[in-house]
Amino acid sequence: MNVYKYMWASGSVHRAIQAHIKKGGWLKRRTNLVGTSNADFPSGDPGMYQLDVTLRRGQNLAARDRGGTSDPYVKFKLGGKEVFRSKTIHKNLNPVWDEKTCILIDNLREPLYIKVFDYDFGLQDDFIGSAFLDLTSLELNRQTDVTLSLKDPHYPDHDLGSILLSVLLAPREEQREVTMLMRKSWKRSSKTQSLRLSDLHRKSQLWRGIVSVTLIEGRELKAMDANGRSDPYVKFRLGHQKYKSKIVPKTLNPQWREQFDFHLYEERGGIIDITVWDKDAGKKDDFIGRCQVDLSTLSKEQTHKLEMPLEEGEGYLVLLVTLTASAAVTISDLSANSLEDQKEREEILKRYSPMMMFHNMKDVGFLQVKVIRAEALMAADVTGKSDPFCVVELNNDRLLTHTVYKNLNPEWNKIFTFNIKDIHSVLEVTVYDEDRDRSADFLGKVAIPLLSIQNGEQKAYVLKNKQLTGPTKGVIYLEIDVIFNAVKASIRTLMPKEVKYIEEENRLSKQLLLRNFIRMKRCVIVLINAAYYISSCFDWDSPSRSLAAFLIFLFVVWNFELYMIPLALLMLLAWNYFLIISGKDSRQHDIVVEDMLEDEEEEDDRDDKDSEKKGFMNRLYAIQEVCISVQNILDEVASFGERIKNTFNWTVPFLSWLAIVALSVFTIILYFIPLRYIVLVWGINKFTKKLRSPYAIDNNELLDFLSRVPSDVQVVQYHELKQDPSHSPSKKKKNNPG
């Protein structure tokens with residue numbers, strides 16, 4: 001029996017207890033919890049408890065902003081893992097939250113840590129103070145009001161304010177059967193796998209809905225620059241999810257037309273924090289205004305047009321917000337395999353059959369990932385062991401396994417399913433070591449493009465380092481199945497690529513700047529060599545080559561038609577395909593890029609060790625920002641050239657075949673239809689697009705296509721390393737559903 005599924009099925013137990021507590025009312029008592037004990041606390045195994053916490057308010061919190069105030073929010077941590085995060089109260093040292101949360105407890109001797117932070121959008125949040133609540137001092141089934149003084153270990157004498165809570169601790173009678181099942185399963189198991197409370201909270205990673213946001217425009221924003229204008233951009237935040245819009249220069253009425261999705265984890269909705277900023281080169285960006293969207297007030301399955309006035313500023317933001325039901329994202333044990341159930345398998349295959357090509361265009365395919373086990377992992381703890389758990393990511397969808405404690409050869413045996421929105425997405429599987437008192441340690445990672453997956457094959461993937469450039473210790477055994485609709489996938493390729501919200505901040509790196517410069521130089525050298533080759537034909541350096549070029553020039557110019565341009569590109573693709581299938585392709589793995597990436601990794605390691613010694617670099621904000629811009633521009637230009645090359649080199653066959661189809665269509669159109677009619681249709685479409693669809697998001701299909709083609713850096717990162725001969729997985733072949 002799946003214990004996790006039983007405990008969290010539909011949240012019914014959780015809601016039943018909450019209803020019971022509300023009926024019984026709240027018993028109120030104020031007490032000092034320091035140094036007290038509870039005679040009722042059982043000496044044996046206490047089983048499961050439920051802790052209902054109401055975060056009341058804060059008093060006299062420390063100011064962390066320049067204006068003598070703070071934007072405080074609170075985190076609750078249990079067993080080293082975050083179990084609750086409050087909303088942010090802006091510009092208030094005496095905030096009132098009145099937020100309730102329910103926490104499952106399996107060990108009363110683990111204290112509940114309360115940490116308070118000052119929210120700084122775009123920057124690292126400032127620490128205000130922390131406290132802890134001793135759960136063994138609480139009386140069972142009795143409401144208790146608690147006042148906790150905040151402390152900072154670095155400044156123990158500072159008065160940082162206090163936090164007021166109301167807590168109620170009660171045994172989970174409903175969980176006795178589950179606890180017995182756990183105990184029986186532990187006795188039967190030959191391996192020690194501790195199912196801790198943090199594992200139960202990971203089930204909350206399954207989101208209940210999708211919030212689709214379209215940022216349309218701003219109106220009458222406040223002028224922040226000396227020229228009477230601004231360079232506005234917008235930041236969105238829903239819980240831990242963030243999104244930043246592009247910058248629109250020199251305007252008070254910006255047009256963004258950007259669309260993105262957030263995951264909705266709370267049934268009651270949630271609040272999207274929105275702030276508008278003016279971009280200033282060389283100094284800190286200016287704050288224009290803020291607003292909030294309360295999702296609990298919006299009806300589901302309906303698009304809402306919102307005109308949000310900005311608080312603490314001027315102007316409005318125009319948004320489109322849609323709440324939809326959750327996609328089919330699940331976590332289960334190996335026993336619950338949807339693809340092995342013949343009925344479910346046929347239903348999935350039918351959903352993505354060619355007959356359904358125009359139904360729900362956002363639902364491109366289905367992904368099932370079996371995370372089976374890992375072997376020979378790195379020892380991250382002083383005991384020579386690790387506490388590994390696995391994070392499975394597909395774009396912004398992120399799910400976790402449970403933790404296997406004190407084990408270098410863990411077995412998870414979990415199945416994750418995702419809906420595929422873009423077949424060119426990359427599945428990332430990362431192994432971490434869980435640490436109680438600090439952030440998890442990185443053990444290894446693999447990145448697998450969906451189009452490179454061989455269905456139904458259990459493979460041992462060699463774990464790589466953070467930069468995905470070289471191996472680290474250990475292998476992970478995965479079995480992956482991908483089912484998708486090729487027509488939907490092709491259409492989706494010509495639409496904007498989904499932005500990943502959890503991305504590393506751009507940083508200035510000497511090695512990264514050099515790498516991008518060398519990549520850019522290689523692209524320029526190709527163009528220069530082509531120009532020299534053409535020039536040599538004019539100079540008759542090689543008479544035979546010049547004569548052939550001259551005859552080709554006369555023939556092409558005399559017979560030139562516009563359709564010959566896509567036809568020539570089509571012939572180049574076909575020629576490279578012929579070279580590949582005939583085995584005459586002389587292309588080799590890009591050693592130059594791989595060496596540069598390894599050098600960059602070494603520099604990252606040095607940066608981590610010497611970060612405290614490089615404070616001077618951080619103070620040179622203006623120079624650093626300019627260098628980062630140059631670094632990113634070099635990367636974009638080099639990536640653009642590499643993606644064009646990789647399209648014609650058949651690096652991703654699906655995209656090259658799609659290019660062949662598109663070029664064939666363009667050739668036929670240009671051959672049979674006069675150019676004036678084509679230009680006329682294009683112009684009418686452009687002029688009437690805004691009238692037909694006022695809130696349509698502009699995009700360039702060619703650039704969207706190229707964004708799916710990997711650059712040389714990504715080719716190296718996605719390259720599968722050869723396995724150690726000692727790790728030979730038992731391959732299990734099934735019928736290929738794709």
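Predicted model: local features only at pLDDT ≥ 70, side-chain atom pairs only at ≥ 80, totals over all residues.

I begin with strand β25, which covers residues 471–484. Is this strand largely enclosed or largely open? Of its 14 residues, 10 are buried, so the rest of the structure largely encloses β25.

Two pairings of β25 deserve attention. One is with strand β18, residues 365–375, in the antiparallel sense and over 10 bridges. Within the reach of these two strands, Glu375 stands opposite Val475 in β25. The other is with strand β24, residues 457–464, again antiparallel, over seven bridges. Here the residue opposite Ile476 in β25 is Tyr461. Strands β24 and β25 form a hairpin with six residues between them, and there Leu468 adopts a positive phi near 60°. As background, most residues other than glycine have a negative phi.

I turn now to a sheet elsewhere in the chain. Four strands make up this open sheet, in the order β3-β2-β5-β6, with antiparallel pairing. Which strands stand at its edges? They are β3, residues 81–85, and β6, residues 126–133; each has a single partner strand, so one side of each has no neighbour in the sheet. From one strand to the next, the twist averages 25°.

Inside that order, β2 (residues 72–78) and β5 (residues 112–118) run antiparallel and are joined by seven bridges. A pair to locate on your screens is Phe76, which stands opposite Ile114 in β5. In general, the strands of a sheet pair through backbone hydrogen bonds.

Next, the spaces. How much space lies in the second largest pocket? The value is about 940 Å³. Its lining comprises 27 residues, of which Leu494, Ala662, Phe666, Glu701 and Leu702 are the closest to the centre. Five helices each supply at least two lining residues: α9 (564–581), α12 (621–648), α13 (653–672), α14 (675–692) and α15 (701–708). Of these, α13 gives the largest share, with eight residues. Sorted by class, the lining of this pocket has 19 nonpolar, four polar and four charged residues.

As for cavities, a search of the whole structure finds two of 30 Å³ or more.

I close with two loop residues. Glu220 lies in the loop between β9 (209–219) and β10 (232–238). Its phi is near 55°, a positive value in a residue other than glycine. Is Glu220 buried or exposed? Its relative accessibility is 56%, so Glu220 counts as exposed, the threshold being over 50%.

Lys406 is found in the loop between β20 (397–400) and β21 (411–420). Phi of Lys406 is likewise positive, near 55°. At 58% relative accessibility, Lys406 counts as exposed.

Thank you for your attention.

Conventions. Residues numbered from 1 in each chain as written. Heavy atoms only, no water. Buried < 20%, exposed > 50% of the residue type's maximum accessible area, 1.4 Å probe, protein only. Pairing = 2+ DSSP bridges. 1 Å grid on protein atoms, 1.4 Å probe; cavity = no way out; pocket = protein on both sides within 12 Å on 5 of 7 lines; lining within 4 Å. Points joined across faces, edges and corners; volume = space filled by probe spheres on them. Axes fitted to C-alpha atoms, helices over the stretch in contact; angles between N-to-C directions. Nonpolar A, V, L, I, M, F, W, Y, C, P; charged D, E, K, R; others polar.
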